[in-house]
Amino acid sequence: MLPIAVFAIVLPIAAVQTAASESVIQRQEGMKAMANAAKTINAMFKATSPYEAKTFKAAAETIRGHSGAAMSALFDGPVTKAGSKASPSIETERQQFDKLADDLRIYASALSVAADRNPHTLGPETRMQGGEAMMGGPLAKMIDAAREVESIPAEHSFHLMLQTCTSCHARFRVEAD
């Protein structure tokens, strides 16, 4: 039988391990929710699903709710935990990580507003115009999300949001062995 003092040490360690696992689970659930929401929005832009403003807005709000400060908070403290694909570079490049999390929130907010402004259809003003480069690359229109997001079509916000996800994963996510 172990002395009581050993139990006093073992139990807090187990509680810390459980809490760490819970934060990783929260991160993963949030990422999955955002990915599913992005798929919903993408299907509406591609017209493989009918446009429904309420569903579009709910998807945008899901992404908004899991991004920005909410996302950053889930990565406070040591980020490399069992079961996590988070890179330790989040800790050393915290300002850049937080900016990407906030850009994601800004783009999602713009999509939410677009749903409010377009109750029946994704009109031409929500669509990218010919010649606007989509996604990354040297021809992509890069913007300062905080200052310019309201001046671009919702579809462009969506593509910039996806680019933000890709950039963050490329920089701050490690592949499992």
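**View 1. Helix 2 and helix 5 are roughly antiparallel to each other.** The model shown is predicted. The axes of the two helices cross at roughly 165°, and angles over 145 degrees count as roughly antiparallel. These axes come within 8 Å. The crossing of helix 2 and helix 5 is left-handed. Helix 5 covers residues 94-117, and helix 2 covers residues 53-66.

**View 2. Residues of helix 2 meet residues of helix 5.** From helix 2 come Ala53, Phe56, Lys57, Ala60, Glu61, Ile63 and Arg64. They meet Leu104, Arg105, Ala108, Ser109, Leu111, Ser112, Ala115 and Asp116 of helix 5. By class, this contact has 8 nonpolar, 2 polar and 5 charged residues.

**View 3. Arg64 of helix 2 touches residues of helix 5.** Leaving aside residues up to four places away in sequence, Arg64 touches Arg105, Ala108 and Ser109. Is Arg64 buried, exposed or partly exposed? Arg64 is partly exposed, because its relative accessible area is 33%, between the cut-offs of 20% for buried and 50% for exposed.

**View 4. The side chain of Arg64 makes a polar contact with the side chain of Glu61.** The distance for this pair is 2.7 Å.

**View 5. Arg64 and Met34 are separated in sequence by 30 residues.** In space, their C-alpha atoms are 8.6 Å apart. Arg64 itself is placed in helix 2.

Notes. Residues numbered from 1 in each chain as written. Predicted model: local features only at pLDDT ≥ 70, side-chain atom pairs only at ≥ 80, totals over all residues. Heavy atoms only, no water. Helix = DSSP H or I, 4+ residues; strand = E, 2+ residues; numbered from the N terminus. Buried < 20%, exposed > 50% of the residue type's maximum accessible area, 1.4 Å probe, protein only. Contact = heavy atoms within 4.5 Å. Polar contact = N/O pair within 3.5 Å; in protein donor to acceptor, adjacent residues only side chain to side chain. Axes fitted to C-alpha atoms, helices over the stretch in contact; angles between N-to-C directions. Parallel < 35°, antiparallel > 145°, perpendicular 65-115°, else oblique. Left-handed = near helix turned anticlockwise from the far one by under 90°. Nonpolar A, V, L, I, M, F, W, Y, C, P; charged D, E, K, R; others polar.
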